[in-house]
Amino acid sequence: MDEVVKRDILRVLSDVIGILGIEEEKDIAELRELSNHTIHNASIFQDEDSVSIAILIYSLSKVIERREGKLNYKVLLKLIIDGKRNLESNRMDVYRKTIKKLFNFISTIDNKLKLYIEEVINQAEIKKGSKLYAHGISLGRAAEILGISQWELMFYIGKTKLTDIKGGVGVKERLNYARGLFK
Amino acid sequence: MKVIVFDTGPIISLTTNNLLGLLTNLKEHYTGSFYITNSIRKELIERPLDTKKFKFEALQVLRCIHADVLEVFDSKELRKKTFHLLDLANKCFSCRGEFIQIVHFAEISGIAAAILNNAEAFVVDERNTRLLIEDPMRLKDILSKKLHVSINVNKKDLNEFRDITKGIKLIRSVELVSVAYELGLLDKYLVNVPNPKKTLLEAVLWGVKLNGCSVSNREIEEIVRMEVK
């Protein structure tokens, strides 16, 4: 793992520990904000660790929102503290296993919610993919990094303001050219 | 032979708007072929066929390929050219000691196919690949602003990339549906509503935008103004 990535993930994990330390209403908003910060590294380094931490934190925020205060923070906190400790000690394999455990924990919070949780994680991937696109990464590359299809990403991006940006050739010139191709 | 090469995006936005059939109609007005590359075909078909989402849409595209409306272009030369261009494109910008991997093999394969076939156009809906070709400094500004870091430009690779791609004409699915509208290919949708022509044009333009085509609200207004006088 790149040293910059490692340092940033450690900072993010510390922030998550701080946020989940005391159960508050603002936890959801703070986690979502934190997840937006993590996507900067995911854009630059495009490594699995930066990407998975971004998806994890966004998914956490959605699960907490859905569970409306009925989520046991203690188990979550223990896993996050373990993850941070393993990363600090450069035990990368164990750190990655802990992150996997966190995803598994989220997925098994409630059997009735299973489908919803799968959707949450999938939505988190799409959301983070759209952020990469917003940061200047191409649609295909963003989909590849997140392991999602371009169909899903395009469908989502169309509903955001990300398609509403100027630059390049003007529409009149482009349309005139296209017109000339078809008789 | 005349050729137009398509990226993944325009095929997706046409399909998700139930407008894929327009390609058949447009081809009747074009004296050449519509190409996609093998990697673009994989993105469009194989991936959704492996999942639950967009499976039916993938079948529609596959049918289009079987009917030779879309032809799959592949060659050893294409793969070589794609790797070369991909290497250049993904070394154009860097920050924090890393080259930013901006583009993906499939997108670049479309550009390479357009070059090798001396294509009349490359149809691409997504913003960043388009900016890389038409206005790379704007892309640099986006990267810098969004990542809150200073972006270094590798002028040597960027200039070589620009030099190789400078002849490529880019159009989007919005231009395709506008031309289809002009040619009367959408006339079956003219129904009894106030301003039927304007309503139809706005409907298809907003349809492709809302399904991912990168076009601004102002551009849509401009197209409508030009087309509906």
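How much area do chain B and chain A bury between them, and what share of it lies on carbon and sulfur atoms? In this predicted model, the two chains bury about 5300 Å², with 59% of that area on carbon and sulfur atoms. On the side of chain B, the residues that lose the most area to chain A are B:Phe54, B:Arg96 and B:Arg127, which together make up 11% of what that side buries.

Counted by residues, the interface consists of 74 residues of chain B in contact with 49 residues of chain A. The polar part of the interface can be described by pairs. The rule finds 25 residue pairs in polar contact across the interface of chain B and chain A, both residues being at pLDDT 80 or more. Helix H12 of chain B, residues 217-227, gives the most to the side that touches chain A, with seven residues. By class, the residues on that side of chain B divide into 32 nonpolar, 17 polar and 25 charged.

Five salt bridges are found across the interface of chain B and chain A. A salt bridge also joins the side chains of B:Lys53 and A:Glu152, at 3.6 Å from N to O.

B:Glu175 sits in helix H10, which spans residues 173-182 of chain B. Is B:Glu175 buried or exposed? B:Glu175 counts as buried because its relative accessibility is 0%, and the cut-off for buried is under 20%. Apart from neighbours within four places in sequence, B:Glu175 is in contact with A:Val171, A:Arg174, A:Leu175 and A:Ala178.

How values were computed
Residues numbered from 1 in each chain as written. Chains lettered and ligands numbered in written order. Predicted model: local features only at pLDDT ≥ 70, side-chain atom pairs only at ≥ 80, totals over all residues. Heavy atoms only, no water. Helix = DSSP H or I, 4+ residues; strand = E, 2+ residues; numbered from the N terminus. Buried < 20%, exposed > 50% of the residue type's maximum accessible area, 1.4 Å probe, protein only. Contact = heavy atoms within 4.5 Å. Buried area = accessible area lost by both parts, 1.4 Å probe. Salt bridge = Lys/Arg side-chain N within 4 Å of Asp/Glu carboxyl O. Polar contact = N/O pair within 3.5 Å; in protein donor to acceptor, adjacent residues only side chain to side chain. Nonpolar A, V, L, I, M, F, W, Y, C, P; charged D, E, K, R; others polar.
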